[in-house]
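Have the model open as you go.

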Amino acid sequence: MNAPRNPSSRLCLAIFLLSCGLLGYELSLMRVLLYASWHHFAFLVVSIALLGFGSSGTALCLAGGRLSRSGDTAVFVLILFVALSLPGAAWVTARIPVEARFVPALLAKQIALWVLYWAVWFVPFFLGATAIGLALIVSGARLPTVYAFNLAGSALGACAAPIAMRFVHPAWLAVIMGAVTLLAALPLRAAKSRTGALSIAATSAAMLVFVLASPPKIRVDSFKYASYVRDLEMDGRAAEVARAYGPRSVVEVYEGDVFHEIAFLSVSGFPPPLFAVTIDGHWAGSVLRVQSAETAVVVDHTMMSVPYAFVPAGPSVLLLGETGGANVWLAARRGARSAVVVQPDNGLLRVLRGALRADGGGVLELPGVTVWEEEPRHFVERSRERYDLIQLAALESWAVSAGGVAGLQQDNLMTVEGLEACLERLSPEGVLTVCRAIETPPRTNAKILATLGQSLRRVGVERPAEHIVVLRDFLAACMLAKTSPWTPSEVATVRRVCEDRELTPVYFPGIREDELNRPDRIPGPPGKNGDWLHHAAVALLSEDARTFIEEWPFDIRPSTDDRPFFENFGKLGSLGFFKRVYGDLWPTRAELGFLFVLCAMVIIIVAGAVLTIIPLGFRPGIRGAGGSGGTAVYFAAIGLAYMTVEITLLSRLVQVVGDPVLAGAVTIAGFLLFSGAGSLVAQRLDPSRSRLVRALLVAVAGACVVVLIVSVPLARSAGWLGLPERIGAAVALIAPAGFLMGFPMPLGLRRLAVSAPVLVPWAWGVNGFASVLAPPLATAIALSSGFTAAGVVAVASYALACVAYGALPGRTTN
Amino acid sequence: MIVRRRIAISVLVGGAAVALIFVLSKQRSGPGISAWEPDGNSIGTLAAKVATPGSAFAEDTITAWEPPKPRSAHSRADEREKMVLHQIESPGWTRDAVSDPAVLRAMRDVPRHAFVPRDLREQAYDDTPLPIGHGQTISQPYIVATMTKLLRLGPESKVLEIGTGSGYQAAVLAHLTRHVYTIEIIEPLAKKAAETLADEGYENVHVRRGDGYLGWPEAAPFDAIVVTCAAGHLPPPLWDQIRPGGRIVIPIGGTFAVQRLVVVEKTADGKRKTDSVMDVRFVPMTGRASGE
């Protein structure tokens, strides 16, 4: 019995809206995770989505015959389930207590909860992908048209989700996408029947009641700052006073007499009343509730005031990533003639200039203060101004010191190239400074030193050891770098400042042994006077920094644009060391970001195998079929290559676009659109022409190489472009490779459809499995070896596919 | 002869008066009330009220002070013995052993399981932090012992704890000194801790609900301050409330990150001297006492 024909326009519209809702949901998930947890987990979100698509393919292969006989009724029912499952999954996951801080006694339980968490998010993808797959099956000859609407809808979803994020709290995004998905049911023929109309009405009512009875909320990791602020709110000790949403972040501001956080405050200062600012649930800074520089005297007692002793009077100051404004007050109190604030977060600026303007936020409007809403890296690349003092204020926040899973985040300023650009913005006697918390053993400060050392060399400094000074107290270290060597009189000033402010010198040219590690003692090498940071500084600023880096238990290799994961300190080879030293507490000390990716990869491999290829492997006809091995190699290779390129380019485009969620939207939508176009054009090629197909595969590999190479200078010059231009440049970058990358899959499938149709589901399943595996794999490679290495893997995979194409069943013509 | 008789009668009458007052105060106070009062006013204990400096029976009270005898002390004593032996006294080469006899005695005597939720009491003496509700965890025994050791308390030391949490650390401190003050910012935690401490018979612990950042100025100066929650900086009020020669033990570092346990000493001339002792992990200054 043939599947009933459905007017393609209705089906196309339904699939368009469903795809819009699904992809919007995928991006929304990244936003939700940024708020609820410690990272957007883009690689995992993409994997889960692809797992849904891959396993739906397997499910349709095994049971699609029965479903396809129902025509669009089955699609209709599935769409209703998807519409319910989107807010449903959000409701369930808000009640699963996942945490990124692993407590040894609860490790197994915490991992199990993470698996459950992802399993719940998987459900809507699976249902939605099954609906799309079924629609493609029942559309018959109109399949390419339906497919095109699928891609177009996905692209719209990728554009619409960031817009929605600007106006609604992340908790409501799943509900909105559910509503969009529900609309997808309306055009279908099944909706015209009485049963269909009642079903839609019932589903709408259920969603409405559900939302009213249990308003959406996000469960924030109990170990995030926002979580304990909520406890204070419930206790009446804190109150939210302002909030701003955006694809980049959720900014929340709280008042309460219990907030006292001022970074690196000494015992001689007392904080005035202040607002606590959180960005995506992390403490991001405090806004002093003062009206004038005279009343902001507390800032003189912070570590950030130290650099002012080493710059000319009336300096020009550049504050990169300033959040609460404390450093602006400091600049004003120290008589700075100008202060430039660079802050990319539009939500934060709206809050400071809006709700807080009259109560501390007005600091941004002081005379001589200029604010740029821009990525700090883009600013320093394009600016031609010189500054006497450049402060990397973004690193002062404790939020970034959480390490662990937060190590997966990219920081495009704290790279060798980024700091090089900062050094080039210094006036001849200018100082680049960063204040950062002390850690034992040192890692962040050590990495800063390693990166600074290389950056100084890139600007022509031969002996970086003569250009850096490090001071500390028991809270934080203050690093000061100059492009000119520190003179003897400046070194004398360093000694005087240490004496006057009870600071401990860590490193400066000519430092003596007896000056080390007092009055604030921190651990150091046994039998030696200095602390570990001193010894790290000596080693890292010498010619033999590499040995120290290799032997250090944390990954302190200088961060680069190719590997911009500044907060990633995990070293697999050090796990044994941490277990020996810390015993059962090693998970809380080992900087788990990399390990998290590896664990995710293992779980994804198991899930992918169970849900995609194993069921197909046992299907009659597939097991033992001739050519199944070659089929598996070809389709796995192109699946691996495709997703590796996409994930790698996504990370690169973060450097171009600036915002990870926007970059994700552009990348995902761009690849869908252009690959879809490529797939449509591929219909006109003869898949039996082996030489042509191989040439195409070589061209694909070549295009990927070109794109990955071009992305580097594009990232460096992106600062000259506005946001629409940067997005346009990103789209233009994706277009050629994305278009060509749409060819291999349909060509291979059409060849199998003719010569070995029984292997088509097998090919689909293997490709799905490889696509699911690729994102965490690409992320792991990028973390350890950089984007270039990930790109090499992708190109090698296309090369393998080129060879394997000849092993596909069927006659070839040359 | 007459003088001796008068002295004897005075001592007997005074002792009887003291005993009577003790008995009456026990009968008036119920669980959780004897040492805690809302809104930051601490009633204080009878010994603190009666024992004014210079009085004869004040001296008798001071010299006669003995550590509390918690009601659950008899329960699971063998587990505590093993905990002290394997986790604290001989913890292995990765940790510095705690050998202070008073601290070890306190760790043996305090019924840790009484401060842990019922469903986790089986693990109460394991070498691990444990969740105790309200999103917090109770410190590892080793951490508690180490922090207590670092305070260098004597029987007359006045110690302030910031972050009461479960009350376990306060209970341990109460075995070393008669003057324990502890602050908790979140009311349910403060009440629960006060109830547990009262149930177990800890009468020398003053529990206050308040902002630990501000310390306890009315009871200052302190000989020692222990902060059982992470702080980004040393709160200046705590520095002001520690006497010269005193010390503060505080985990310093980013919230929800790995911090350093730092001993901050105020020298005789009021200057600061610090020593970072070890890595720890505490949740922030909300009164959630946790640590590992």
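A:Tyr25, A:Trp114, A:Tyr117, A:Trp118, A:Trp121 and A:Phe125 make up one aromatic cluster. Residues are numbered from 1 along each chain as its sequence is written, and chains are lettered from A in the order in which they are written. This is a predicted model, where local features need pLDDT of at least 70 and side-chain atom pairs count only at pLDDT 80 or more, and side-chain values use heavy atoms.

**Exercise 1.** Classify the pair A:Trp372 and A:Phe379.

*Solution.* Start with the rule: rings of Phe, Tyr and Trp (its six-membered ring) pair if their centres lie within 6.5 Å, and planes under 30 degrees apart count as stacked, over 60 as edge-to-face and the rest as tilted. Over all chains, this rule gives 24 aromatic pairs. For A:Trp372 and A:Phe379, the centres are 6.0 Å apart with 50° between the planes, hence a tilted pair.

**Exercise 2.** Is A:Phe379 buried or exposed?

*Solution.* Buried means under 20% relative accessible area, exposed over 50%, partly exposed in between (1.4 Å probe, protein chains only). A:Phe379 has 2%, so A:Phe379 is buried.

**Exercise 3.** How do helices α21 and α22 of chain A pack?

*Solution.* First, take the axes, lines fitted to C-alpha atoms over the stretch in contact, with angles from 0 to 180 degrees between N-to-C directions. Helix α21 (residues 690-717) and helix α22 (residues 723-741) of chain A lie with axes 8 Å apart, at about 165°. Next, α21(A) is therefore roughly antiparallel to α22(A), the class for angles over 145 degrees.

How values were computed:
Helices (H or I, at least four residues) and strands (E, at least two) are DSSP runs, numbered from the N terminus. Angles under 35 degrees count as roughly parallel, over 145 as roughly antiparallel, 65 to 115 as roughly perpendicular and the rest as oblique.
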